Amino acid sequence: DFCQAEGKKRPSENLGQVLFGERIEPSPYRFTFNKKETCKSVCTKTYDTTKPEDKQKLDFLKKSMLLNYQHHWIVDNMPVTWCYDVEDGQRFCNPGFPIGCYITEDGRPKDACVINSEFHEKDTFYIFNHVDIKIYYHVVENEALGARLVAAKLEPKSYKHTHPDNPDCSGVPMDISNKASGEVKIAYTYSVTFHEEKSIRWASRWDYILESMPHTHIQWFSIMNSLVIVLFLSGMVAMIMLRTLHKDIARYNQMDSTEDAQEEFGWKLVHGDIFRPPRKGMLLSVFLGSGTQILIMTFVTLFFACLGFLSPANRGALMTCAVVLWVLLGTPAGYVAARFYKSFGGEKWKTNVLLTSFLCPGIVFADFFIMNLILWGEGSSAAIPFGTLVAILALWFCISVPLTFIGAYFGFKKNAIEHPVRTNQIPRQIPEQSFYTKPLPGIIMGGILPFGCIFIQLFFILNSIWSHQMYYMFGFLFLVFIILVITCSEATILLCYFHLCAEDYHWQWRSFLTSGFTAVYFLIYAIHYFFSKLQITGTASTILYFGYTMIMVLIFFLFTG
């Protein structure tokens, strides 16, 4: 319930912004370039606490101040930032500023109330109803373009305007006592000043926001940590490949007489069963198809992000790019699923194609749709309009599904993957397994190493999704992505070798689930993050958090597997 702009058209958003629930509204704060305004009135809101609808609005304002809700303002596609000093003499620039703040009953200031010593009444809310906006520009010398805006900063202030019609912006802060009754008047005002800033170039105008986010040294630490894991795993894999396999193969080649060949050992014993089709081969091939689709999508999206096409200045570009790529990559999904299904000796190719097109996307869409219903029921602005849902369905059914069919057609037309050895008629008995070659312990161990590579990045990604911090370290993310792919493959190869040596030949599902189990660790981490970092209250918000987390976990499971 703030001041509304009269009769201005809403700016339009792209697909990524709509999906992320970002809505841009026009604002009643008007500036003219280089025209200084002091203490200009915007509007006055009056709440009569005896009327139930006014009391409800005021209670909502109080609740949002208690939970530290933020205003996010944009000028010329730049976030208006609120810069303040933090420890070690650093300045932090927040791309939003709080609605207000609260002093607790024992006189402790919460959140933003620490900025002013005048906020000292107990059990009281202070609303930031005045802003001092500073707009920095530089004049373009060589062309006759005029000036360009390079930064917009503001200071939130709180004033109890004695004459709301003729405000003077001085005096005591605007306090709303928690037990206040009667009439509460809040007058909203603003001041604007323009400053020339010669040192900032227009191209680098985002830097001051990004520089105030002190994360890069942690990043290098995490990259080194991941690289150590990768080197360790590569060493292990190389040793097995070179020493053990080389020795084994040399031994087999020396046996010229047939009677020596009877005493086989280790992985050589299961050669007649190694290519036996896995149980639930249909499901595995569908997962492999969808996983390939997600893998290529992630690679291309991150590659573009590294080149700087999807910077935070280009709002919603990342999500739009990912969705469009996912839709266009139906062909590899259909092709991979068909190839594997055919090599597993499957006959029901129609079911295979339909499951590839609809199973995983269907689960994601159903989850997304339920979340949207909850948002819609709560009356949230993040609820996706019906038109956008129809558009997403159209992209899926009219582009993605036909492409999957094309891919599957070529996959089934090719000959099945040739196996170098014949499969025996009778399945071989699997001997008693030791603890670490049993399926479950092996799978649980396999997920730890890839997760160790990504968990620091994961913290920043979750922050950028849930705590509205900018995420801009795509170079690091791309590096970590490559490391993750290598780690997943190597950890799986290692564990696969161990259980083949123990004469357990069910390797297909196990190799998928060994890496895929990383997603379970991701889920555990997300639950830990929810309880330790976020102060989310209310059933709807909790369901939303876990609903969206489940989408991410499923996508991550298919991708790592």
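## Basis of the model

The model is predicted: local features need pLDDT of at least 70, side-chain atom pairs count only at pLDDT 80 or more, and totals for chains, interfaces and linings use all residues. Residues are numbered from 1 along each chain as its sequence is written, and side-chain values use heavy atoms, with hydrogens and water left out.

An open sheet of mixed pairing is formed by four strands in the order 1-13-10-11. Helices (H or I, at least four residues) and strands (E, at least two) are DSSP runs numbered from the N terminus, and two strands pair if DSSP finds at least two bridges between them. Strand 1 (37-48) and strand 11 (147-157) are the edge strands, each pairing on one side only. From one strand to the next, the twist averages 20 degrees; axes are lines fitted to C-alpha atoms, for helices over the stretch in contact (heavy atoms within 4.5 Å), and angles run from 0 to 180 degrees between N-to-C directions.

Strand 1 and strand 13 (residues 183-196) run antiparallel and are joined by nine bridges. Lys 45 has Ile 186 of strand 13 as its bridge partner. Helix 2 (residues 52-66) lies across strand 1 and strand 13, at about 125 degrees to strand 1.

## Salt bridges

The whole structure contains 14 salt bridges, each defined as a side-chain nitrogen of Lys or Arg within 4 Å of a carboxyl oxygen of Asp or Glu. In one of them, the closest N and O atoms of Lys 179 and Asp 123 are 2.5 Å apart. Lys 179 lies in the loop between strand 12 (175-177) and strand 13, and Asp 123 in the loop between strand 8 (100-103) and strand 9 (124-127), so the pair ties together parts 56 residues apart in sequence. Lys 179 is exposed at 65% relative accessibility, whereas Asp 123 is buried at 6% (buried means under 20% relative accessible area, exposed over 50%, partly exposed in between, with a 1.4 Å probe and protein chains only).

Arg 428 forms a salt bridge with Glu 503, with the closest N and O atoms 2.7 Å apart. Because Arg 428 lies in the loop between helix 9 (386-413) and helix 10 (439-466), and Glu 503 in the loop between helix 11 (474-501) and helix 12 (508-516), the pair ties together parts 75 residues apart in sequence. Arg 428 is partly exposed at 29%, while Glu 503 is buried at 18%. Salt bridges with shared partners also join Arg 10, Glu 13 and Glu 25 into one network.
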